[in-house]
Amino acid sequence: MRKITRAALSERMEQYHIFNRVAVRALLGYLALVVLFFFLAGEQLHFRRSRGEIAMPAADSGTVEMAAGNVVEQRFTTAVQRIEQVDVQWGTYYRPNAGAILMELWDTRDNTLLLLGRFDAAAITEGGVTSLTASQPLEGLYRIPLLLRVSSPDCQPGSSPSPLMSVQEALPDSSLYLNGAAADGVLCFAVHGTDYIWTGLHYWEFAAVGLLLLLAALAVIWYRVRLGKRSYVLNAVVATEKYSFLIRQLVARDFKTKYKRSVLGIFWSFLNPLLTMCVQYFVFSTIFKSDIPHYVAYLLVGIVVFNFFSEACGMSLTAIAGNASLITKVYVPKYIYPLTRVISSVINLGISLIPLVLVSLGTGVALRKSTVLAVYFLSCTIIFSLGLGLLLSAAMVFFRDTQFLWGVLSMIWMYVTPIFYPESILPDNFKIILWINPLYHFLKNTRICILDGISPEPTVYLHCMLLALGALGIGSWIFRKVQDRFILYL
């Protein structure tokens, strides 16, 4: 039987105590985040804008004048699971009209009237739209044959508007009738609504599975500790706690070095994104006439996120090579050095969020509860930057040209990420660049939470976390494989 020394026993007991603290914090943190996310995500956890919405076709003809007795009927089916609104576009012949217009939506299976709307013909403008809106979304109508009927009880000839139609376009499983006679083309109408999100409908089941996976991971760590085997996760936590004083000192040193002999000092973390925003706002809103809603806040979100990413990776680049004197004389887990660089950048990020909040409020962006969810995507950006920082710091030891390559790569990365331009301007064949760009996903969803005031779909959170953890896993694995050879090249 293998004997255990007193020192080894003491170390193992310390690991047990640390594991207990980590396990309790992880479980309580997970449960708190699950409940908090359910509250913050709101309706977007369960519903999304339907991908089966019917878009308004381009008008190229009128139907019939809506005088009393005339009827326009559009039969159709829709892939919208919860219908919220039906729109119809009108032509007025550029004359004053009078009377009432009726819009009706019927379920043709049992001739049930679903929606009824009455509109003043005098209020309808040329190319204007009337909207039949449901007080509660209509459910159970997915791929069900529906009938949209437009008529008037009292409009007179010569003073009646006409629903517009498109002769060139058509919809599958649809037909248009003008006064009972079939007509080629489709009515200029649109159907809006939402669909159920499967993951949201089963949110608590997924939360339970996540809890089981967390318990399984903790059980594996406990089992390895019990057998005296190494657990990289637990060892990282132990080292972080053990060297917490050194971490604080290194972070403080980075701040002192960065703002050495600077008059404004740390205030530059506040001022720098504002100055960059002012320059880019002038260029892209005045010269190039950007029409992005809340463009100032849109631009500042992009600047803050990318500045953090660029700074964290740029500082991590020299984390090992720049600390050669410490690494060759004192033993410290080597990943501590890039970690402290990223922590230093996180503090700058926190300071930069202050002007972001102030500018958002000052430009009319309402900060809703979903704004808190932006912290999740900022956390993904931090984890991704740490993973890439570990990779860059290791590469810099063996290949000093990495710093120059990173300068070029970061510049390219900035331009292929929609920081100051909308993604809609990119041609379709370039959209793949956005899809493979992790920073684009983090930035896009941060903007959705802050500017749109809604939560992205649940699967987006998983996608972003996998991108972040994937980068951290790859960076950590490469760093750990080559760290023992650092001493030979420093």
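**Reading charges and nonpolar groups**

Biologist: Which counts for E457: buried, partly exposed or exposed?

Modeller: E457 counts as partly exposed, because its relative accessibility is 21%. Buried means under 20% relative accessible area, exposed means over 50%, and partly exposed is in between (1.4 Å probe, protein chains only). This is a predicted model, in which local features need pLDDT of at least 70 and side-chain atom pairs count only at pLDDT 80 or more, while totals for chains, interfaces and linings use all residues. Residues are numbered from 1 along each chain as its sequence is written, and side-chain values use heavy atoms, leaving out hydrogens and water.

Biologist: How many salt bridges does a search of the whole structure find, and with which residue does R48 form one?

Modeller: Start with the idea: side chains of opposite charge can pair when their charged atoms come close. Here a salt bridge is a side-chain nitrogen of Lys or Arg within 4 Å of a carboxyl oxygen of Asp or Glu. The search finds eight. In one of them, R48 pairs with E457, with the closest N and O atoms 3.5 Å apart. That pair links distant parts of the chain, 409 residues apart: R48 is in strand 1 (residues 47–49), and E457 is in the loop between helix 13 (438–452) and helix 14 (458–482). Helices (H or I, at least four residues) and strands (E, at least two) are DSSP runs numbered from the N terminus. R48, R51 and E457 are linked in a network of salt bridges.

Biologist: And E73: with which residue does E73 form a salt bridge?

Modeller: E73 forms one with R149, the closest N and O atoms being 2.9 Å apart. The partners are 76 residues apart, E73 in strand 3 (residues 71–76) and R149 in strand 8 (residues 146–151). E73 counts as buried because its relative accessibility is 14%, whereas R149, at 22%, counts as partly exposed.

Biologist: Which residues have the most contacts inside the largest nonpolar core?

Modeller: In soluble globular proteins, nonpolar side chains tend to be buried together. A nonpolar core is a set of buried Ala, Val, Leu, Ile, Met, Phe, Trp, Tyr and Cys residues joined through side-chain atoms within 4.5 Å. The largest has 73 residues, and F309, F384, L388, W406 and W413 have the most contacts inside it. Helix 7 (residues 295–317) gives the most to this core, with 16 residues. Another core, of 33 residues, lies apart from it and includes L105, L138, I144 and V150.

Biologist: Is W435 buried or exposed?

Modeller: W435 is exposed, with a relative accessible area of 59%. This residue lies in helix 12 (residues 431–435).
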